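This report walks through one protein chain. Please look over the sequence and the model before reading on.

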Amino acid sequence: MTVTTRLVTIDDAPTVSALYQANLEFLLPFEPVRPEGWFGPEGQREVLASALDRHARGECVPHVILLDGRVVGRITLNDIVRGPFLNSHLGYWVSQDVNGRGVASAATARMIEVAFEEQGLHRIQAGTLRHNLASQKVLERNGFVRFGLAEKYIQIAGVWQDHILFQRLAHDRP
């Protein structure tokens with residue numbers, strides 16, 4: 001099993017759309033409410049184009065996750081802030097058929113390298129829903145430490161939900 005990541009391309013839109021549509025029941029409890037068409041190929045083309053525009057401005061690093069060369073999810077360093085903060089937010093998801101097999105953990109390890117070695121960031125932050133123990137384990141395996149609870153942090157599935165906050169600093173080692 002080989003897990004890698006790479007920068008998204010517009011050509012990934014049909015594949016990412018198909019993955020979302022095949023995994024909607026699995027992913028919707030962890031997603032914000034999305035506008036009509038967001039999960040479709042054209043919606044994903046717009047999402048990826050926007051992410052690539054933000055990437056060109058140095059504001060995010062949007063990748064796809066590959067397992068043995070097959071796209072199985074997305075992982076992104078979002079909201080990159082330069083200057084004295086040098087911070088980003090990590091977000092990811094994997095297809096249900098590869099969930100629990102170490103794919104998200106391996107992709108997260110790769111994005112830590114991207115954040116600290118390629119982007120020169122100091123800190124990565126991530127948040128998980130209180131009940132998302134699997135995602136919390138992914139972060140902990142990768143040296144993230146819990147540093148707080150944000151009440152009613154993000155509207156997920158139409159409801160403002162609490163998130164456990166994690167961080168990883170460049171000088172930390174798991």
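## A buried glycine

G40 counts as buried, because its relative accessibility is 14% and buried means under 20% relative accessible area (exposed is over 50%, partly exposed lies in between; 1.4 Å probe, protein chains only). G40 sits in the loop between α2 (24–27) and α3 (41–56). Helices here are DSSP runs of H or I with at least four residues, strands are runs of E with at least two, and both are numbered from the N terminus.

What does G40 contact, leaving aside neighbours within four places in sequence? S17 and Q21 are its partners. Contact means heavy atoms within 4.5 Å. P14 lies 26 residues from G40 in sequence, and their C-alpha atoms are 7.8 Å apart in space.

## What kind of model this is

This is a predicted model, in which local features need pLDDT of at least 70, side-chain atom pairs count only at pLDDT 80 or more, and totals for chains, interfaces and linings use all residues. Residues are numbered from 1 along each chain as its sequence is written, and side-chain values use heavy atoms, with hydrogens and water left out.

## The overall fold

The protein has 5 helices and 7 strands. Along the sequence they follow the pattern β-α-α-α-β-β-β-α-β-α-β-β.

How does the radius of gyration compare with that of a compact globule? For 174 residues, such a globule would come near 16 Å; the protein has 15 Å, which agrees. The radius is taken over C-alpha atoms, and the globule rule is 2.2 Å times the number of residues to the power 0.38. Along the principal axes, the C-alpha atoms fill a box of roughly 40 × 35 × 30 Å.

## Inside and surface

Of the 174 residues, 44% are buried. Take the contacts between residues at least 6 apart in sequence: 60% of them join residues at least 24 apart.

The accessible surface comes to about 8800 Å². Carbon and sulfur atoms account for 53% of that surface. Areas come from the Shrake-Rupley method with a 1.4 Å probe; for residues, only the protein chains shown count as cover.

The protein has 18 positive and 19 negative charges, and their mean positions are 5 Å apart. Lys and Arg count as positive, Asp and Glu as negative, while His and the chain ends are not counted. Each charge is placed at NZ of Lys, CZ of Arg, CG of Asp or CD of Glu.

Strand β2 spans residues 61–67. Buried residues make up 7 of its 7, so the strand is largely enclosed by the rest of the structure. Both faces are covered. V61, H63, I65 and L67 are buried on one side; P62, V64 and L66 are buried on the other.

β1 (residues 3–7) runs antiparallel to β2, joined by 5 bridges. Two strands pair if DSSP finds at least two bridges between them. T4 has L66 in β2 as its bridge partner.

β2 also pairs with β3 (residues 70–81), in the antiparallel sense over 7 bridges. Here H63 stands opposite I75 in β3. The two strands form a hairpin with 2 residues between them. D68 in the turn has a positive phi of about 50°.

β3 and β4 (residues 87–94) are antiparallel and joined by 7 bridges. T76 has G91 in β4 as its bridge partner. This pair is a hairpin too, with 5 residues between the strands. G83 in the turn has a positive phi of about 75°.

In which sense do β4 and β5 (residues 123–129) pair, parallel or antiparallel? They pair in the parallel sense, over 3 bridges. S88 has I124 in β5 as its bridge partner.

## Two buried isoleucines

I80 lies in strand β3. I80 is buried, with a relative accessible area of 9%. Leaving aside neighbours within four places in sequence, its contacts include G58, V61, N87 and L121. R101 is 21 residues from I80 in sequence and 29 Å away in space, C-alpha to C-alpha.

I112 lies in helix α4 (residues 103–118). It is buried, at 8% relative accessible area. With neighbours within four places in sequence left aside, I112 is in contact with E117, I124, N142, F144 and R168. A170 is 58 residues from I112 along the chain, and their C-alpha atoms are separated by 8.5 Å.
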